Amino acid sequence: MTDLIRNLCVVRTERLSFEEVLGEVVKQTIARGVVDVVALGKPPVTQIIDVIATVRIIRQRIVGNRVIFDGEVFVKIVYEAAVPTQPVFVVDLIIPFSDSVVIDGIEPGARVIVRAEVEDVSVELIRAPGEPAAKKLSVTVIVQVFVKVVKQTELDVAVDVTGPPGLIVKKELLKVRTLFAEVVRQIIVRDIINLEELGKPPFVQLVDAIARARIETFRVLANKIVFEGSVEVKILYATVTQQVVVVAVTIPFKDFIDVPGARPGQDAELSVVVEHVSVVGEDRDRDGDIETLIISVVLKITARVFERREVRVVVDVRGIAGIEVDKQLVRAEEVLGEGFAQVVIREILDPKVENKPCPIQVIDCRAFPRIVRTEVIPNKVIVHGTVELKAIYEAVGQTANVLRGDFTFQTFVDIPGVQPGSTVTTFVRVVDVSCQVPPGLGPDHLKCPPIEVTAILEVVVRAVEGRQIEVVLDVFCPKDKAVCEGIILANRVNVRAGPSTAFPVIAQVNAGDRVTVLEQVGDWFRVRLRDMERTEGFIFRRFVKHVEKPLG
């Protein structure tokens, strides 16, 4: 903290380092692609069993006031083919995309943060006339992209100004968030499963392995962040009869990431990306069949730690004639609050309604939630969304089938201080999904039972208020007839007969020369030189620095 004497005023300043938000935009972009399964050496498609899509941003750049970003969507399609010996196949597709957003006020040195999420994915079968199966698939992925432009700013802002009677100082509370640290770490999550215990046939060859990871909870401790999460792994493998079997397993994990200097109470953001999945089969009981699968998943964890500060800053100074106030516009993001709500959705998927074969056993069940809209009312955020529930099951004849259903949900999150017009960010994640045959069925339903899907969702809401505020950096309080010591700041500075360039030059002074300041007239100082004649004249005020308190 620094005290600066500015003539009759004393300015107390404090160094403020924070992440200044220059702009933030959310945009939907669409990625489309077509995959020819026959050209890839695979049989035509009769029905889609499952679709998994992930997205990543490859690069981003600033051109003028526009942020341009490029990305890729990785799509994995599990489908049923008209092949009795091996009805389930997997095909992969990579869809590139590019888009841009306009953010006014981008400055040199700004940093761009781009985050993308898959909001929806659909697959359409492209069948030739008269053919029961499709040789091509058309894929459409809706990607929601969050673009934020920030700049790390350091300012010496005024936190107090004192001076003569009549001085009026106005202050406001400024809340800022500073990026404290960003750390990346890789971890490996492992698990061992026994196929016999799961009632599955022995393993012969891996067809595919798909993994999704999520961070569920974390805590900021001294110098580290402890986190917990889970990895959902879906394994497709071939048996000795060339049947493709699906095994789904959830692997919990708990670990930590070192963040030197971190401490409890700081804000943090954690993200996780699956970098690699491997599945190795072993015959541990030495009976000639591979009944054990060893699963390894490599995860990349990124942690960003923030520090919040609240400072009462000076935003205006007045009340003194001729006062000069140096201000700067600051664009800060004030966090109003965060909260979450859990939503439990329990629905029935009936194969009779969809004209599907009756289930023998459930292979997997999934939930795909999406936020549709949000309403902000005083101190509360209402969230509306939809969720697609999907049950993948085995039917008679060991064929894989899928049941789907779209359902709506609504919940709310209390955030004190949020008001209509506040910026609200919401996201929803799946905590757990389970499937079962509902109890209490009659004889007719037991012959072809429906599947009850229960999904537990967590809706997270973060409310911020983008604030633009002019803060005071410095204050100059003049005094008529002041007598002060001054020092010249440049060479060959003209001393004129009057307070403007229209008056003739009567002398010159150089950097380091000392003068006596007698009074201020507009932007000019009347000064007395230290020469033999004690010459008096006028110097433009920006060439003179006060080095002592007033002499009289």
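Visitor: Which residues gather in a patch of negative charge on the surface?
Guide: Glu-196, Glu-197, Asp-285, Asp-287 and Asp-289. A patch takes residues with over 30% relative accessible area and no salt bridge, and joins like charges within 9 Å. Asp and Glu count as negative, Lys and Arg as positive, and His and the chain ends are not counted. Each charge is placed at NZ of Lys, CZ of Arg, CG of Asp or CD of Glu.

Visitor: What should I know about the model itself?
Guide: This is a predicted model, where local features need pLDDT of at least 70, side-chain atom pairs count only at pLDDT 80 or more, and totals for chains, interfaces and linings use all residues. Residues are numbered from 1 along each chain as its sequence is written, and side-chain values use heavy atoms, with hydrogens and water left out.

Visitor: Why is Asp-289 called partly exposed?
Guide: Because its relative accessible area is 36%. Buried means under 20%, exposed over 50%, and partly exposed lies in between. The areas come from the Shrake-Rupley method with a 1.4 Å probe, and only the protein chains shown count as cover.

Visitor: Switching to cysteines. Which ones form a disulfide?
Guide: Cys-358 and Cys-448, with sulfur atoms 2.0 Å apart. The cut-off for a disulfide is a pair of cysteine sulfur atoms within 2.5 Å. The count by that rule is one.

Visitor: Where in the chain do Cys-358 and Cys-448 sit?
Guide: In distant parts, 90 residues apart. Cys-358 is in the loop between β14 (324-349) and β15 (359-377). Cys-448 is in the loop between α1 (443-447) and β19 (451-476).

Visitor: Is that disulfide left-handed or right-handed?
Guide: The torsion about the S-S bond is about -110°, so the disulfide is left-handed.

Visitor: And Cys-448, buried or exposed?
Guide: Buried, at 6% relative accessibility.

Visitor: What about Cys-365 and Cys-435?
Guide: Cys-365 is buried, with a relative accessible area of 11%. Cys-435 is partly exposed at 22%.

Visitor: New topic. How many salt bridges are there?
Guide: The count is 35. The rule is a side-chain nitrogen of Lys or Arg within 4 Å of a carboxyl oxygen of Asp or Glu.

Visitor: Why would such side chains pair?
Guide: Because side chains of opposite charge can pair when their charged atoms come close.

Visitor: Show me a pair. What does Arg-59 meet in a salt bridge?
Guide: Asp-70, at 3.1 Å, N to O. Arg-59 lies in strand β3 (residues 45-63) and Asp-70 in strand β4 (residues 66-81), so the bridge ties together parts eleven residues apart in sequence. Arg-59 is partly exposed at 44%, whereas Asp-70 is buried at 9%.

Visitor: Last one. Which residues are linked in a network of salt bridges?
Guide: Asp-50, Lys-234, Asp-364, Arg-366 and Lys-390.

Methods
Patches are made of residues with over 30% relative accessible area and no salt bridge: like charges are joined within 9 Å, nonpolar side chains (Val, Leu, Ile, Met, Phe, Trp, Tyr) within 5 Å. Buried means under 20% relative accessible area, exposed over 50%, partly exposed in between (1.4 Å probe, protein chains only). Helices (H or I, at least four residues) and strands (E, at least two) are DSSP runs, numbered from the N terminus.
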